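Good morning, and thank you for the time. I would like to take you through one model today, chain by chain. Please keep the sequence and the structure in view as I speak.

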Amino acid sequence: MSDKKRRHRHKKNGGKSFIILPIIFLFGTYLVLYLALAPSFSTVFSAVGLIFSDNEKDYSTEYENIFVPVSENSTLPTVTKEDNQTYVKIDAVEYPNYGNQFGELIIEDCGIDNKLFFGDGEVALRNGVGIYNGSFVPGYGGTILVAGHNNTYFNGLKYAEKGQTVVIRTSYGNYEYRITDTAVKKATDRSAYDLNADYENLIMYTCYPFDELGLTDYRFFVYAEYVSGTPIDKSTEEGE
Amino acid sequence: MKKLSAILIALVLVAATAVTAFAAGINSSEQAVLDELKTSVAMKDGEMVIPTEYVNQAENYFNTIEMTEAQSKDIIAIIEDGKKFLANSGASNISDLTFAQKQELLGYGKKVVGVLDMTMSYDKTTKKLTIFDPNGEVAFSATPYLTKTGAIAENPIKTTGSDINYFGFIALGAAAVVLVAGGTMFVVKTKKERA
């Protein structure tokens, strides 16, 4: 092909080849890169936003917060039952709906101090840690199964050790648990928890290994036994 | 004046000592429904029950409402009818039911939740049954399934790894392929033209 012919063809297609196509390609590439990297950058942007923002972030549109901390010297209405055990009166407990933030979960030794949600959906795990709604709330006398992301709110679980204290603060009382065991188990291992348990016990878990990206087959479980905190009176019948 | 002062003081005292009461706890009507949910149904391969975690979810929901005795009786009657239907269906589990049978079972479910002003829908694609509370909020969402006594139907363990976007990776990969292919084509074409 002669130089003259080539120049002529370039002239003819110049608009399409050298202006429109590069622009489409540029925007297309940026769009694809944005779609690919936006989730990774969103955490950084959120953190930067929080650091430089003068205002407190308003999460009210994403979830409802019913948590009102119980002060040290406040007294909640209680009832003493036949077993001489004191219970929090049920009508003083605002039982959380799915998705509500209703407390805080604190493990000082692990640097964990997180919002506690009822339900372990996306919104809950994006903002804190969440109780599976097929398990029960603290004080109810059953299994409390709590999930949290390994790269954020439950990253500190890697420092969990036997004997450490876990505190759960709710609007109806503060509960203390002692870590009894940690274990790495398959996510599908159904022996890792017992949702039928008729005694209060706390199970926290996150993906394992801790700093691995993406889906993992394993979970790091932390088991804790109930130490203190006034149980909830489950029945509405009076039993003094 | 004295009377007015007394009334005002009384009002202030009442306000100061008032404790907010919530519609919580499991009353006898709710307990009766929970007991009914825990009883088994005789199906083709033996006794089947609603999985533990589903009953727990019902218990958690009942803690947020106040069920009347009449509502409880209505619900139990519908559940009993539903169980009879399942027992006579000839199926081993809900998934084995024919389409028409599934529709009929869904009808029982809708009647049950309707007593509490709730609604129910089934998504054929995800095979998830969703129950909405009277405010339209999701109260329950899971695959309808029955298990042998004590078993759990769905794995409650969530994906708690990094919040990774697989679509992003696929898109990035596709973009890389397009870029490389485009580049190669350009080089080949240029070489051809120069030749």
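Where is the place of Pro209(A) in chain A? Pro209(A) sits in the loop between E9 and strand E10, residues 218–228. Helices (H or I, at least four residues) and strands (E, at least two) are DSSP runs, numbered from the N terminus. A cis peptide bond, with omega at about 0 degrees, joins Tyr208(A) to Pro209(A).

Before I continue, a word on the source. This is a predicted model, in which local features need pLDDT of at least 70 and side-chain atom pairs count only at pLDDT 80 or more, while totals for chains, interfaces and linings use all residues. Residues are numbered from 1 along each chain as its sequence is written, and chains are lettered from A and ligands numbered from 1 in the order in which they are written.

Let us stay with chain A and its barrel. Eight strands close into this barrel in the order E3-E4-E5-E6-E9-E10-E8-E7, with mixed pairing; two strands pair if DSSP finds at least two bridges between them. One of the pairs is E7 (residues 165–170) with E8 (residues 173–186), antiparallel over six bridges. Within it, Thr165(A) stands opposite Arg178(A) of E8(A).

A residue is buried if 20 or more other C-beta atoms lie within 10 Å of its own, exposed if 12 or fewer, and partly exposed in between, with C-beta atoms placed from the backbone. Leaving aside residues up to four places away in sequence, Val166(A) touches Leu105(A), Ile107(A), Tyr177(A), Ile179(A), Leu202(A) and Ala224(A); contact requires C-beta atoms, placed from the backbone, within 7 Å.

One loop residue of chain A also deserves mention. Asn84(A) has a positive phi of about 60 degrees although it is not a glycine, and lies in the loop between strand E1 (78–80) and strand E2 (86–88). Asn84(A) counts as exposed because it has 6 C-beta neighbours inside 10 Å.

I turn to chain B, which has six helices and five strands. Of its 195 residues, 22% are buried. Its domain assignment, automatic or from a database, gives domain 1 (27–142) and domain 2 (163–195). Taken over C-alpha atoms, the centres of these two domains are separated by 53 Å.

How many residues of helix H3 (residues 52–62) of chain B are buried? Ten of the eleven are, among them Tyr54(B), Ala58(B) and Phe62(B). The buried residues of H3(B) pack against helix H2 (28–38) and strand E5 (138–142) of chain B.

Asp117(B) is not a glycine, yet its phi is positive, about 60 degrees. Is Asp117(B) buried or exposed? Asp117(B) is exposed, because 12 other C-beta atoms lie within 10 Å. Gly183(B), in helix H6 (residues 166–194), is exposed as well, with 10 such atoms within 10 Å.

Notes
Two residues are in contact if their C-beta atoms, placed from the backbone, lie within 7 Å.
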